[in-house]
Amino acid sequence: MPTPEEDLRLIAEQERLLHFASFSTETAWAVGSALRAEALARKAEMTFEIQIAGRTLFACSTDGAAPGQADWIRRKRNVVMRFGRSSYAMGLLLEKEGKTIEQRHGLTLTDFAMHGGGIPILLAGTGLVGSVVSSGLDQRTDHSLVVKAMAAVLGVSVPALP
């Protein structure tokens, strides 16, 4: 299993490469549809959400998805929008420091989930404008599915977590 430092280096490279020139409803549909197709191929019970500036452009659950996944998505989205980084990266940073989100940032677990699956939507020349969030699998897989879908739509190659 890679160290948190190794994962953080890869995630930083992913975030550097996953910049869109623009992000429309069509882009959201393409990313979201890729996520849904992957979940169906895995027969996974998952939920996805894509938001830009507080506006939901895509939301989907596959059969059997737990109702609580919607709250996980909200909490992961809050992390992405607060810190401008993936929710998995933020969790790894806290793990490295040996601190909780409450200790480090004064935030509560009620509203913030430092678990993989939330990825920032970054526009070239602009920065953070929204998030793509996945819930239903382990945090590394949730993270990796979103990265893979975003990279496919962008047509770029990004390093994968081992």
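Predicted model: local features only at pLDDT ≥ 70, side-chain atom pairs only at ≥ 80, totals over all residues.
Biologist: Helices, then. At what angle do H1 and H4 cross?
Modeller: Roughly 150°. H1 is residues 4-17 and H4 is residues 87-97. Their axes come within 10 Å. Helices (H or I, at least four residues) and strands (E, at least two) are DSSP runs, numbered from the N terminus. Axes are lines fitted to C-alpha atoms, for helices over the stretch in contact, and angles run from 0 to 180 degrees between N-to-C directions.

Biologist: Roughly parallel or roughly antiparallel?
Modeller: H1 and H4 are roughly antiparallel, a label for angles over 145 degrees.

Biologist: Which residues make the contact?
Modeller: From H1, Pro4, Glu5, Asp7, Leu8, Ile11 and Glu15. From H4, Tyr88, Ala89, Leu92, Leu93, Glu95 and Lys96. Contact means heavy atoms within 4.5 Å.

Biologist: How many of those are charged?
Modeller: Five are charged, seven are nonpolar and none is polar. Ala, Val, Leu, Ile, Met, Phe, Trp, Tyr, Cys and Pro count as nonpolar, Asp, Glu, Lys and Arg as charged, and the others, Gly among them, as polar.

Biologist: New topic. How many residues of E2 are buried?
Modeller: Six of six, across residues 47-52. Buried means under 20% relative accessible area (1.4 Å probe, protein chains only). Thr47, Glu49 and Gln51 lie on one side, with Phe48, Ile50 and Ile52 on the other.

Biologist: Which strands does E2 pair with?
Modeller: E3 (residues 55-61) and E5 (residues 127-135). The E2 and E3 pairing is antiparallel, over six bridges. E2 and E5 also run antiparallel, joined by six bridges. Pairing takes at least two DSSP bridges between two strands.

Biologist: What stands opposite Ile50 in E3?
Modeller: Phe58. In E5, Gly130 is the bridge partner of Ile52.

Biologist: And which residue in the E2 and E3 hairpin has a positive phi?
Modeller: Ala53, near 50°. The hairpin has two residues between the strands.

Biologist: Last one: is Leu18 buried or exposed?
Modeller: Leu18 counts as buried because its relative accessibility is 2%. Leu18 sits in the loop between H1 and strand E1 (19-20).

Biologist: What is Leu18 in contact with?
Modeller: Leaving aside neighbours within four places in sequence, Leu122, Val147, Met150, Ala151, Leu154, Val156 and Val158.

Definitions and conventions: Residues numbered from 1 in each chain as written. Heavy atoms only, no water. Parallel < 35°, antiparallel > 145°, perpendicular 65-115°, else oblique. Buried < 20%, exposed > 50% of the residue type's maximum accessible area, 1.4 Å probe, protein only.
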